[in-house]
Amino acid sequence: MSDFKLKKWARSRRGQQFFVCFSFMVLPLLLLFVFTYLPFGQMVQFSFYKMKYLTPPDKRVFVGFQNYIDVFKRDDCFKALKLSLYYCVGALVQLVIALYFATILSFKVRGGNFFKGLMFFPYLISGIAIGFIFKFFYTRGFVLDTVLGFLGVNESNIPYWLKDQAVNNWSLVATSVWRYFGQNMVLFIGAIMSVDSDLYEAAALDGANRWEQFKHIIIPGIKTILTLNVILSITGSLSAFEPPYVITGGSNGTGTYFVIMNEIAHVSQKVGLASAMAVVLLMIIFGCTILQKLFFKYVFKDVDSQDEVSSKRRKNP
Amino acid sequence: MKKFSKLLCGVMTAALLCGCGSTSTDAGKEAPADNATEAVTVENETTETADAVSEDKALTYADITLGEDYTDLEVTISLLNNRTDLDNETYGGTTWREYLAAFNEEYPGIKVELTTDTNYAETAMTHLQSGDYETVLMIPAVDKADLSTYFMSYGDLATMETQINYATNKEYNGQVYGVPITATAQGVVYNKKVFADAGVTELPKTPEEFLAALKAIKDNDPSIIPLYTNYAAGWTMGAWDDYIGISATGDVTYTNQKLLHTENPFKDYGDDTHPYAIYKILYDAVAQGLTEEDYTTTDWEGCKGMINNGQIGCMVLGSWSYPQMEAAGENAENIGYMPFPVSVDGKQYALCGPDYCFGINANATDDEKAGALVFVKWMTEKSNYSYNEDGLPIAKSKTETKLVFDGVELLEEVPAVAGEEDLLNELNAESELNIRNAGDTKVQQIIEHASMQDMTFDEIMDDWNKRWSDAQDTLGVTVDAE
């Protein structure tokens, strides 16, 4: 009886719907599980053990939360996290530059596409290659110093870009900004394109200048993409890895959290501790994302209500 | 509504097709699986015959007579190696292609598929961890206790010691799991002309003489970098650890036995010996401006040409680097190799030791193992690899080498005592000093502190002593106060 019901259900539209949905979803979900959640689960498990990579499972020692306590007790882990502040500042600068160029390039500019391509290009180069480019770029007497020399800067006034600990983190951040702002810009241009161009005209008739148009039309129009980009940039800056790893190898005070984690995991082979560091970083990123969400909700609340008011007005007359 | 049902129909047929597709691939999977089992049974038959030859005993290194055994064996083995430069036709010495061609003249049936990797140590670890690794590979940092999990034994220690030097290097429980590809001595590679031009006629034997020589070079021609640190490459910094044992103490048990139990091993012994003296040379050289101006942008590939044409005085690197420096330019005759400038009671010592060791996959088929054994033995005895690479001989039957250290005693380190094989690794992991285990960061920090003058050398050594003592405490290691 129940067998019959199941068959009937399977033939019904609902049943068919279920099968179609299921068969389409099972593969991506399986991939997601096997390559994301399963390794993640393993990592969380590792974080409670004292072990090396090649320690057989039966020889791993369970240490409870000791690894987590160590993460907070060690000074190198959180000192490394402070370096993320450099990258956060860099991320904000990057967003401002990206937004600026995006706004200019989304209006009619001579050679606009050429400039778009030019600024997007660095994003297409592999991070490792960029590392090598900038290693030579910053070497004493190489590209940057020569260019500054042309501009009349005396060589004795130029710092050692990677050696001097007062500037070396900024040097690294600059490479990251150079690489990613083009990508942010393209996303912004896409969003700005979707803003109804009649609005600019209407605003111009009302006597709004470019800045006012930017502030009252573009910013509210692209706030979703803007929020997304800020969140991605901040989380990205917390997990900065490529520039310090390739250019300086994390030495000379440039070891970010990821670089230190990599060193602990692969050189000292404290896999448990490194896993715990990864979990702690994940929590921090969670925290940051939630805070940002709240922040944007608060900041854009006024804009939202204005939108509602104006749309109401439009409907009413 | 009609439209919707049509659409649904379409989707359903698509889903059905999907289903069909997956079943058909399943069927496809089953078919080759059958083949595979067949192949396995075939292999089993051949291995049985091979077993019959060796009378049901595992084949060992000593059993093989080159040129007689297995000359008609047909097998393909894979090889993972760290020497990317030998995999390049522009290499000045003998390339891998030439070695393998020579090997195949004698053993045309054994095909060797070579992969070389610049990031060898990590790549090899990843391969091992995955369980799917090459037939022959250079053994990376595997704990001795785990050697037998991954690699087959070449035979027992007593037999192997009659065959090769350095047999104890990868030995565990009386079985030998690794045969070194070559062996090197640890000293300093230098440019003879630069030293001679600066008036340094006698090679420095103490830290003081060495620093004076560097200073003389700098005074003679300020454009020459007396000591190039290779800071940026990283691993070149960890190489300084190789000198703290034999060179600094003349004691063959120091690194693997004494160091583990020494209280504050990095303290100042006051006589320019022990680890303190080694690292102090680096600190002083940097503090006195005798190294490159901007250490963060040193260039490993570039330094070879620079020392060859006389822009660099010397570099602290093992003798393996000697042929590379010679090959990097037109002045090969100017490159020399000297012992490390530390003397213990007026006598200089140098560590000689094996390079990477060949390991053979424990899970390979018997045919592959036989092919691999033949290949390893051929590399050791017939290839001349060790001599070509300016190394010390591996095969017991050989003696010739290009390295000449007059009046310097070459010593080989003895392994840890039984039960403490992994203690150095444990202490390294715990203290994170990683001595003799890619501890690049700590040596880089010596240069940073020397350059910025924000920590004296003694403060650095005190910190290391503390980390070492804490690790000894945590692991419950007995400490001998001296």
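Predicted model: local features only at pLDDT ≥ 70, side-chain atom pairs only at ≥ 80, totals over all residues.

Q: Let us start with helices. At what angle do the axes of helix 13 and helix 14 of chain A cross?
A: Look for the place where two axes approach, then read the angle there. In chain A, take helix 13, residues 257-266, and helix 14, residues 271-299. Their axes come within 8 Å and cross at roughly 160°.

Q: Are helix 13 and helix 14 of chain A roughly parallel or roughly antiparallel?
A: Angles over 145 degrees count as roughly antiparallel. Helix 13 and helix 14 of chain A are therefore roughly antiparallel to each other. Their crossing is left-handed.

Q: Which residues meet there, between helix 13 and helix 14 of chain A?
A: Helix 13 of chain A brings A:Tyr257, A:Met261, A:Ile264 and A:Ala265. Helix 14 of chain A answers with A:Val271, A:Leu273, A:Ala274, A:Met277, A:Ala278 and A:Leu281. By class, this contact has 10 nonpolar residues, no polar ones and no charged ones.

Q: Now the chains. How many residues does each chain give to the contact?
A: One general point comes before the count. The size of an interface is often given as the accessible area lost when the parts come together. Here we count residues instead: chain B gives 26 residues and chain A gives 23 residues.

Q: Which elements of chain B give two or more residues to the side that touches chain A?
A: They are helix 1 (2-53), helix 3 (120-130) and helix 17 (440-452) of chain B. The largest share, five residues, comes from helix 1 of chain B. The side of chain B that touches chain A has 12 nonpolar, seven polar and seven charged residues.

Q: How do I read a sheet?
A: Strands of a sheet pair through backbone hydrogen bonds, either parallel or antiparallel. Chain B has an open sheet of three strands in the order 8-13-15, with mixed pairing. Strand 8 (183-185) and strand 15 (408-412) of chain B stand at the edges, each with a single partner strand, so one side of each has no neighbour in the sheet. From one strand to the next, the twist averages 25°.

Q: In which sense do strand 13 and strand 15 of chain B pair?
A: Strand 13 (residues 348-354) and strand 15 of chain B pair in the parallel sense, over five bridges. B:Tyr349 stands opposite B:Glu409 in strand 15 of chain B.

Q: What is the order of the strands in the antiparallel sheet of chain B?
A: The order is 4-6-5, in an open sheet of three strands. Strand 4 (155-156) and strand 5 (171-172) of chain B are the edge strands, each pairing on one side only. Two bridges join strand 4 of chain B to strand 6 (residues 175-176) of chain B. The bridge partner of B:Asp156 is B:Gln175, in strand 6 of chain B.

Technical notes: Residues numbered from 1 in each chain as written. Chains lettered and ligands numbered in written order. Axes fitted to C-alpha atoms, helices over the stretch in contact; angles between N-to-C directions. Helix = DSSP H or I, 4+ residues; strand = E, 2+ residues; numbered from the N terminus. Parallel < 35°, antiparallel > 145°, perpendicular 65-115°, else oblique. Left-handed = near helix turned anticlockwise from the far one by under 90°. Contact = placed C-beta atoms within 7 Å. Nonpolar A, V, L, I, M, F, W, Y, C, P; charged D, E, K, R; others polar. Pairing = 2+ DSSP bridges.
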